[in-house]
Amino acid sequence: MLKTLGAIPLFASIEKKDLAPLVQAQDIYLKNYREGVTLYNQKEVCQTFDMVLSGSLVAYSLAENGSAMTLFEFPPGQILGANLLFSPQGLYPFNIYCMAQAQVLHVTRRGVEALLHHYDFTLAFIKMLSLNSNRLNQKITMVTQKTLRENLLDYLQEEVRRQGTNPLSLPMSKKQLADYLGVQRPSLFRELKKLKDEGLIQVDNKKIYLAYL
């Protein structure tokens, strides 16, 4: 366990003698989750700061009509719960679901309080909180201020940049992409068809070529 922590940048500067008591007291622990498992339900109390070490988690919200909207994906290295752990109520605003078999590092509030005495940890922790806040602001903008076409093209362009190749390979199913964009599958398929008919994209199963780049 201490070896695992030493390989994580967030904990790398903390001496083993300071980490060992937290591990022994179960204030820092690892847990494996199967694909399809729900880690946290909406309105559940947040009790740990978590970091994804492998696999993938997603945060999604259910509307009254039963449709789901995927809000965030948490790949390896991403954190969750940090912004809730010290809030008065600290309730998860979304459901957290295991999209692919995952290993997650959990740190209790008491563990985080002890680690915040270390400057390097505190600085990295604040940077992670800031990054999560920016991601939330981007999602709010996407949902409230942009059209489906704008959001879809923004997503595809970001994937081209991230993957470094055009055509890009969709990293999720079209159903998951529709959930991520907060629309029904028929709406997504109609928009993809419009973009294809206008010559802006070419679609071959999960490969999409952006012709305008």
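Leu19, Ala20, Leu22 and Val23 are the buried residues of helix α2, where buried means under 20% relative accessible area, exposed means over 50%, and partly exposed is in between (1.4 Å probe, protein chains only). The cover over these residues includes α1 (2-6), β1 and α3 (109-115). Helices (H or I, at least four residues) and strands (E, at least two) are DSSP runs, numbered from the N terminus. Keep in mind that this is a predicted model, in which local features need pLDDT of at least 70, side-chain atom pairs count only at pLDDT 80 or more, and totals for chains, interfaces and linings use all residues. Residues are numbered from 1 along each chain as its sequence is written, and side-chain values use heavy atoms, with hydrogens and water left out.

- Leu5 sits in helix α1 and is buried, with a relative accessible area of 0%.
- Beyond its neighbours within four places in sequence, Leu5 is in contact (heavy atoms within 4.5 Å) with Phe11, Ala12, Leu19, Val23, Ile28 and Leu105.
- Leu5 and Leu19 are 14 residues apart along the chain, and their C-alpha atoms are separated by 8.5 Å.
- Gln26 belongs to the loop between α2 (16-24) and β1 (28-33).

- His106 is part of strand β6 (residues 95-108).
- Is His106 buried or exposed? It's buried, at a relative accessible area of 1%.
- The His106 side chain makes a polar contact with the side chain of Asp50, at 2.7 Å. A polar contact here is a pair of N or O atoms within 3.5 Å; within protein, one must be able to donate a hydrogen and the other to accept it, and residues adjacent in sequence count only if both atoms are side-chain atoms.
- Leaving out residues up to four places away in sequence, His106 touches Asp27, Ile28, Tyr29, Lys31, Tyr33, Tyr40, Thr48, Phe49 and Asp50.

**The cysteines**

- How many disulfides does the structure hold? The count is zero, taking a disulfide as a pair of cysteine sulfur atoms within 2.5 Å.
- Cys46 is in no disulfide, and the nearest cysteine sulfur, that of Cys98, is 17 Å away.
- Cys46 is buried, with a relative accessible area of 6%.
- Cys98 also counts as buried, at 0% relative accessibility.

- For background, most residues other than glycine have a negative phi, and most peptide bonds are trans.
- The peptide bond from Asn166 to Pro167 is cis, with omega near 25 degrees.
- You'll find Pro167 in the loop between α5 (148-163) and β7 (168-169).
- Asn205 isn't a glycine, yet its phi is positive, near 60 degrees.
- Asn205 lies in the loop between β8 (201-204) and β9 (207-210), and it counts as exposed at 59% relative accessibility.
- Gly182 follows helix α6 and has a positive phi near 75 degrees. In α6 itself (residues 174-181), the buried residues include Leu177, Ala178, Asp179 and Leu181.

**Ile208 in β9**

- Ile208 lies in strand β9 and counts as buried, at 0% relative accessibility.
- Ile208 and Leu168 are 40 residues apart in sequence but 5.4 Å apart in space, C-alpha to C-alpha.
- Not counting residues up to four places away in sequence, Ile208 touches Leu156, Asn166, Pro167, Leu168, Leu170, Leu192, Ile201, Gln202 and Val203. Two of the names there, Asn166 and Pro167, are also the two ends of the cis peptide bond.

**The chain as a whole**

- The chain has seven helices and nine strands, and its C-alpha atoms fill a box of roughly 60 × 40 × 30 Å, taken along the principal axes.
- Of its 213 residues, 38% count as buried.
- Among contacts between residues at least 6 apart in sequence, 69% join residues at least 24 apart.
- The accessible surface comes to about 11,900 Å², with 51% of it belonging to carbon and sulfur atoms. Accessible areas come from the Shrake-Rupley method with a 1.4 Å probe; for residues, only the protein chains shown count as cover.
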